[in-house]
Each structure stands twice: as C-alpha cells, then as structure tokens.
There are 2 protein chains.
Amino acid sequence: MANGLNKNIFQVLIVVKDVQKSARQFADTFGLDVPPAVILDPEEIAHAKYRGKPTRTRAKVIPFMNMGGIDVEMIEPDEHPSIWREFLDTKGEGVSHLGIWVPDMSEAVGYLAGKGVAIGHQASFVGGSYSIMDMRGRMGVDLMLKHQD
Amino acid sequence: MANGLNKNIFQVLIVVKDVQKSARQFADTFGLDVPPAVILDPEEIAHAKYRGKPTRTRAKVIPFMNMGGIDVEMIEPDEHPSIWREFLDTKGEGVSHLGIWVPDMSEAVGYLAGKGVAIGHQASFVGGSYSIMDMRGRMGVDLMLKHQD
C-alpha cells in the first residue's frame, strides 16, 4: 500500500450500447434481479473531465450486480465525450475497466503518473470521486481508482 | 444453482499480444511477482475446439495473479485458431471472459444452449475442462465455465 494502490479489485465495468437490455440478459443468465438504472450526476456535482477536458456526460449505469468477490456494473454512454463513449466507438461492447478503492486519491494518481499513466476520465459524486487511469496499453484494460471521502 | 451456474466469478481473462510484457507491467503496477508462464496442453490432452472445430492452439498464459476476490489471468494467443486469437484480431487487447467454476459442465452448457448460447471454445486439461460460452452479444463479454473432475 506504500504506493497508494491495493490488490483488491472490487468492480468490473462493462460498456454496452443498451444497458437495460444487456443487464436484463446478464441477470436472466444468472437468475439475478436487475437493480434500477441510475444516471450519472449532473455537471455541477460531477465536474467530469474526459482526457482533461470538462464534459457534460451523464451516462446510464446499472450498478452493483454482486457476483461473489466482485460487482459487475454496466454502463451506456451518452452522446457527450467520455472514456466509455471512446471505448464503445473504438472497441465495441466490452470490459473497459477493473476498479479498486483507494484511501488517498492524490497519492494513487501521483504514483501512476510517475509511471507515465494519465487520467482518462475523472468525476466526483456525492461523497467521493473516481479517476479512470488510461492503462489499456500497459495491461489491456483501464484501472478505476475510487475514493470515498 | 438449479441451472448449473453460480454467481461466483473467480477469474478475469485479459487477451494481450505479449503476455510476458503485459504481465510484467501489470505486476509492476501493483507490486506483485509475475508467476511463470505456462503453455496450454498439447492436442492429445487438450482436445481443443474453436467454434466446434478441432484446433492445435497452445496459447501462452500467465495464470493466477490474485487480486482480492478474483484472479487475473493473461493470455497470448498463438497462430492457431482460438477464441483468443479471434478476440485479439477483431477487438484488440482486452478482457475476453469472466470465469466461474461449475459442478456439472453438461448441465451448465445445456442450460445456456437452451438460451441460444453456443460454445465458442472448449478444451480439457489434466483434471478438468473448460467451455468458453459465446455471450459477448448478450452481456458484452464471454463467460468461461470451468470444471474440475
């Protein structure tokens, strides 16, 4: 933990075109209930940035389908710039990031910046924030750092 | 479990071009040791099939990097047909499947077949077998069923 990271992946995020449809099919496969969709917070709360530039994206998310040691989340990007829109447009549907909780966002982002890793997307929510680190070129998938205040 | 499936995802598989390089970068990020690479079993043990047709693929794998509730594995396809070769050629590097253990392979495969899901790739190993179910169209990512005899 000296570098601000840890090994506890708690989330797998899947980018899809139609989150209601894909989550229903996922849930049907495993016999789960589909949690209600949520829309990401508006600009004045999220202060979202995609590759350093402010964006008004409000993607639709099906959160927290617990699958044992991890949660599977699904996200449907909207028309505004986002790391998820970029992923869908360039790679199609698929897993865009693995997520860990971090106790100190600055330390974790700084540690990865020291390795040449940039922030692909970042935003706040009520009670915390997340930074999606552009690690596809290093390990085939991005890493989301999530922090609770 | 009545359908032969369960909710315990234990594995995330990442397809990469150079498994030694990507695993080293992954391990370096998190401060892990890189496990030794293994080559998939030869034809006479694996009896591998890609979309129903026998294949002699012997992909290179870095197995079992434990990340809390899940293992991250990385795989480098070889030149023979495989679901991983297909993934790399069509989508580039990325997460190709999530994996669960199943107690009864026939029951689990049969349950998914009843939903119109085909086997994308299957093989045996000493002590067990796996079937990678073609679920990208349903949930954005494939599902591997793994069975220990």
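1. Val38(B) stands opposite Val61(B) in β5(B). The strands concerned, β2(B) and β5 (residues 60–67) of chain B, pair in the antiparallel sense over two bridges; two strands are taken to pair if DSSP finds at least two bridges between them. Helices (H or I, at least four residues) and strands (E, at least two) are DSSP runs, numbered from the N terminus. The model is a predicted one, in which local features need pLDDT of at least 70 and side-chain atom pairs count only at pLDDT 80 or more, whereas totals for chains, interfaces and linings use all residues. Residues are numbered from 1 along each chain as its sequence is written, chains are lettered from A and ligands numbered from 1 in the order in which they are written, and side-chain values use heavy atoms, with hydrogens and water left out.

2. On to the neighbouring hairpin. β5(B) is joined by six bridges to strand β6 (residues 70–76) of chain B, and the two run antiparallel. Met65(B) has Val72(B) in β6(B) as its bridge partner. The hairpin formed by β5(B) and β6(B) has two residues between the strands, and Gly68(B) in the turn has a positive phi of about 85°.

3. Strands of a sheet pair through backbone hydrogen bonds, either parallel or antiparallel. In chain B, β8 (residues 119–125) and β9 (residues 128–133) are antiparallel and share six bridges; Ile119(B) stands opposite Met133(B) in β9(B).

4. Strand β3 (residues 49–50) of chain A pairs with β8 (residues 119–125) of chain A in the antiparallel sense over two bridges, with Tyr50(A) opposite His121(A) in β8(A).

5. How are the two chains related?

6. At the interface, 40 residues of chain A are in contact with 40 residues of chain B, contact meaning heavy atoms within 4.5 Å. The copies meet through the same surface, because 100% of the interface residues of chain A are also interface residues in chain B. The area buried between the chains is about 3100 Å², and carbon and sulfur atoms give 58% of it; buried area is the accessible area (1.4 Å probe) that two parts lose on being put together, summed over both. In chain A, Lys7(A), Thr29(A) and Arg138(A) lose the most area to chain B, together 20% of what that side buries.

7. Between chain A and chain B there are four salt bridges, each a side-chain nitrogen of Lys or Arg within 4 Å of a carboxyl oxygen of Asp or Glu. The side chains of Lys115(A) and Asp28(B) meet in a salt bridge at 2.7 Å, N to O. The elements that give two or more residues to the side of chain A that touches chain B include β1 (11–15), α1 (19–30) and β7 (94–101) of chain A. Of these elements, α1(A) gives the most, with six residues.

8. Over all chains, the whole structure holds 16 salt bridges. The side chains of Arg56(A) and Glu43(A) meet in a salt bridge at 3.7 Å, N to O. Arg56(A) lies in the loop between β4 (53–54) and β5 of chain A and Glu43(A) in helix α2 (residues 43–46) of chain A, so the pair ties together parts that are 13 residues apart in sequence.
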